[in-house]
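Trainee: Hi! Could you walk me through this structure? I'd like to chat about it piece by piece.

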Amino acid sequence: MTSDAALRPHILLAPMQPDDVASVLEIEDAAFQSSWPDNAFRHELEENRLAHYFVVRHDDIIVGFGGIWVIMEDSHITTIAVHPNWQRRRFGEALLLTLLEQAIERNAAWMTLEVRVSNQSAQRLYQKYGFTTVATRRGYYTDNQEDALVMWAGDLRGPLYRSRLAALRDQLSKQLVF
Ligand SMILES: CC(C)(COP(=O)(O)OP(=O)(O)OC[C@H]1O[C@@H](n2cnc3c(N)ncnc32)[C@H](O)[C@@H]1OP(=O)(O)O)[C@@H](O)C(=O)NCCC(=O)NCCS
């Protein structure tokens with residue numbers, strides 16, 4: 001594990017802007033089996049007041065993105081991805097941490113998401129952040145009728161989850177400058 005800031009990768013997390021959408025679509029295309037309709041991100045950014053989207057930049061390039069909806073105490077991850085060329089550098093983890101912190105800041109008490117049953121990398125990431133599987137949605141993904149696992153993390157504002165998140169942030173900040 002590296003502690004010298006000069007050796008740790010530097011990343012910048014920021015709210016997604018309309019000008020970021022072209023890069024986001026390229027990453028989405030590379031990272032996912034199926035993509036959102038072309039205008040979906042613009043709609044989310046410009047019309048959906050419940051939606052909060054973020055990008056992660058490394059060396060001034062957008063390398064990943066993620067989004068949440070926050071509805072009262074409920075928050076939902078709508079998407080999260082890192083470009084395949086930049087995966088396994090903890091950028092996805094930094095994105096997930098940001099989504100959780102942003103949801104908590106907006107008073108969310110729990111977070112849910114759907115993930116393909118075959119997507120073990122993402123499931124491991126979510127488990128690391130305290131998500132557990134609470135349900136299965138049969139045939140949820142229309143491209144191949146794959147089932148989705150519904151994962152859930154609760155009591156986000158409680159002391160246990162906050163200290164878990166603080167420990168994970170601490171660990172991550174020894175590996176990345178963000
Ligand atoms: C899921 C995704 C966002 C993870 O991003 P990433 O930057 O590659 O992952 P990180 O380097 O931050 O890894 C963080 C944790 O995720 C898990 N993980 C990520 N990739 C993994 C892999 N290939 N195998 C096993 N675990 C993996 C691990 O728990 C890892 O922590 P650890 O190394 O301490 O065990 C990325 O793989 C991705 O964009 N996948 C395609 C899109 C997608 O599936 N999105 C999720 C939809 S639900």
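Mentor: Happy to. Let's start at Trp152, which touches Trp110, Thr112, Phe131, Thr132 and Val134, leaving aside residues up to four places away in sequence. Keep in mind that this is a predicted model.

Trainee: Okay, and where is the place of Trp152?

Mentor: Trp152 sits in strand β7.

Trainee: Is Trp152 buried, exposed or partly exposed?

Mentor: Trp152 counts as partly exposed, because it has 15 C-beta neighbours inside 10 Å. Being called buried would take 20 or more, and being called exposed 12 or fewer.

Trainee: How far is Trp152 from Ala122?

Mentor: Their C-alpha atoms are separated by 13 Å, and the two residues are 30 apart along the chain.

Trainee: Let's zoom out to the sheet. In what order do the strands come?

Mentor: The sheet is open and has seven strands, ordered β1-β2-β3-β4-β5-β7-β6, with mixed pairing. At the edges are β1 (12-15) and β6 (132-141), each pairing on one side only. On average, neighbouring strands are turned by 25° against each other, ignoring direction.

Trainee: In which sense do β4 and β5 pair?

Mentor: β4 and β5 (residues 110-116) pair in the parallel sense, over three bridges. As an example, His76 has Thr112 in β5 as its bridge partner.

Trainee: Which strands does α4 lie across?

Mentor: α4 lies across β5 and β7 (146-153), and it runs at about 165° to β5.

Trainee: New topic: the ligand. How many residues surround it?

Mentor: There are 19 residues around the ligand, and the closest are Gln87, Gly92, Glu93, Ser121 and Leu125. The elements giving two or more residues to that shell are β4 (74-82), α3 (91-105) and α4 (120-128).

Trainee: Which one gives the most?

Mentor: That's α4, with five residues.

Trainee: And what does the shell look like by class?

Mentor: The shell around the ligand has nine nonpolar, four polar and six charged residues.

Trainee: Back to the helices, then. At what angle do α3 and α5 cross?

Mentor: Their axes cross at roughly 145° and come within 11 Å, with α5 covering residues 159-172. The crossing of α3 past α5 is left-handed.

Trainee: Which residues meet there?

Mentor: From α3, Glu93, Ala94, Leu97 and Leu100 meet Leu165, Leu168, Arg169 and Leu172 of α5. By class, that contact has six nonpolar residues, two charged ones and no polar ones.

Trainee: Where does Asp59 lie?

Mentor: Asp59 is in the loop between β2 (51-58) and β3, and Asp60 lies in the loop between β2 and β3 too.

Trainee: Are they buried or exposed?

Mentor: Asp59 counts as exposed because it has 9 C-beta neighbours inside 10 Å. Asp60 has 6 inside 10 Å, so Asp60 counts as exposed as well.

Trainee: Last one: what about Ile71, buried or exposed?

Mentor: Ile71 is exposed, since 11 other C-beta atoms lie within 10 Å. Its place is in strand β3 (residues 61-71). From Ile71 to Asn39, the C-alpha distance is 22 Å, with the two 32 residues apart in sequence.

Definitions and conventions. Residues are numbered from 1 along each chain as its sequence is written. This is a predicted model: local features need pLDDT of at least 70, side-chain atom pairs count only at pLDDT 80 or more; totals for chains, interfaces and linings use all residues. A residue is near a molecule or strand if its C-beta atom, placed from the backbone, lies within 6 Å of it. Helices (H or I, at least four residues) and strands (E, at least two) are DSSP runs, numbered from the N terminus. Ala, Val, Leu, Ile, Met, Phe, Trp, Tyr, Cys and Pro count as nonpolar, Asp, Glu, Lys and Arg as charged, and the others, Gly among them, as polar. Two strands pair if DSSP finds at least two bridges between them. Axes are lines fitted to C-alpha atoms, for helices over the stretch in contact, and angles run from 0 to 180 degrees between N-to-C directions. Two residues are in contact if their C-beta atoms, placed from the backbone, lie within 7 Å. A crossing is left-handed if the near helix is turned anticlockwise from the far one by less than a right angle, and right-handed if clockwise.
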